[in-house]
Amino acid sequence: QEEKASVMTYAFTHNFLYKPQFAPSDAVLILHCEQESESSADVAKAYEKCVHELLMKHSNVFLLVFSDLLKELAVEESIVDLAAISKPVSRVLQKLNATFSNVYAHGYAACALVKLLRVPEIAAQLQHSTFIDPQLSPRFCRLNLTN
């Protein structure tokens with residue numbers, strides 16, 4: 001049986017267990033999607049120092065790891081609407097019920113973030129976005145950045 005690819009969500013907070021009803025307004029979101037063989041837990045461990053530093057300034061940091069969805073990249077890049085990568089990420093963002101003061105998209109996660117920023121309800125949650133080593137194909141750029 002094939003395991004279904006998903007978005008792994010890690011919530012790092014100060015002094016309490018995160019629950020969506022809190023609706024944090026100063027959260028930080030890190031989107032990670034890379035071609036790698038590391039498990040999502042190993043990716044979370046790699047971000048440990050970064051998360052620690054962010055928690056000195058923000059009460060919540062969320063790390064979404066969706067490298068398992070990378071096999072859907074060709075589909076994602078070929079259409080303008082939310083697709084096989086960005087749609088599951090958008091569902092997680094809705095469930096988190098947070099406003100993110102800073103969003104960092106690393107690697108192939110840039111593709112999902114570009115699409116998410118085009119959805120008004122989601123864009124309202126994402127105040128400031130930073131792309132780190134974005135992996136965007138020329139075709140994706142033509143379809144999504146020139147319209």
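# Close-up views of a predicted chain

**Figure 1. Overview of the fold of the predicted chain.** From the N terminus on, the elements follow the order β-β-α-α-β-α-α-β-α-α-β-α, where helices (H or I, at least four residues) and strands (E, at least two) are DSSP runs numbered from the N terminus. The chain is as compact as a globular protein of its length, because its radius of gyration of 15 Å is close to the 15 Å that the globule rule gives for 147 residues; the radius is taken over C-alpha atoms, and the rule is 2.2 Å times the number of residues to the power 0.38. In total there are 7 helices and 5 strands, and the C-alpha atoms fill a box of roughly 45 × 35 × 30 Å along the principal axes. This is a predicted model, in which local features need pLDDT of at least 70 and side-chain atom pairs count only at pLDDT 80 or more, whereas totals for chains, interfaces and linings use all residues. Residues are numbered from 1 along each chain as its sequence is written, and side-chain values use heavy atoms, with hydrogens and water left out.

**Figure 2. Burial, contacts and charge over the chain.** Of the 147 residues, 45% count as buried, a class that means under 20% relative accessible area, while exposed means over 50% and partly exposed lies in between (1.4 Å probe, protein chains only). Among contacts (heavy atoms within 4.5 Å) between residues at least 6 apart in sequence, 82% join residues at least 24 apart. The chain exposes about 8100 Å², of which carbon and sulfur atoms supply 53%; accessible areas come from the Shrake-Rupley method with a 1.4 Å probe, and for residues only the protein chains shown count as cover. There are 13 positive and 16 negative side chains, and the centres of the two sets lie 6 Å apart. Lys and Arg count as positive and Asp and Glu as negative, with His and the chain ends not counted, and each charge is placed at NZ of Lys, CZ of Arg, CG of Asp or CD of Glu.

**Figure 3. Strand β3 and the loop that holds Phe-66.** Asn-60 belongs to strand β3 (residues 60-65) and is counted as buried because its relative accessibility is 2%. The side chains of Asn-60 and Ser-59 are joined by a polar contact of 3.0 Å; such a contact is a pair of N or O atoms within 3.5 Å, where within protein one must be able to donate a hydrogen and the other to accept it, and residues adjacent in sequence count only if both atoms are side-chain atoms. Phe-66 is found in the loop between β3 and α3 (73-78), and with a relative accessible area of 0% it is buried. Not counting residues up to four places away in sequence, Phe-66 touches Ser-6, Val-7, Leu-31, His-32, Cys-33, Ile-85, Val-89, Ala-109 and Ala-112.

**Figure 4. Helices α4 and α5.** The buried residues of helix α4 (residues 86-96) are Ser-86, Pro-88, Val-89, Ser-90, Val-92, Leu-93 and Leu-96. Pro-88, at 17% relative accessibility, is in contact with Val-7, Leu-69 and Ala-83 once its neighbours within four places in sequence are left aside. Ser-90, at 5% relative accessibility, sends its side chain to the backbone oxygen of Lys-87 at 2.7 Å, and, with neighbours within four places again set aside, Ser-90 contacts Leu-82, Leu-116 and Ile-122. Helix α5 (residues 109-116) is mostly covered, with 8 of its 8 residues buried, among them Cys-111, Leu-113 and Lys-115.

**Figure 5. Loop residues Asn-97, Ala-124 and Asp-133.** Most residues other than glycine have a negative phi. Ala-124 lies in the loop between α6 (120-123) and β5 (129-132) and counts as exposed at 57% relative accessibility; its C-alpha atom is 9.1 Å from that of Phe-100, 24 residues apart in sequence.
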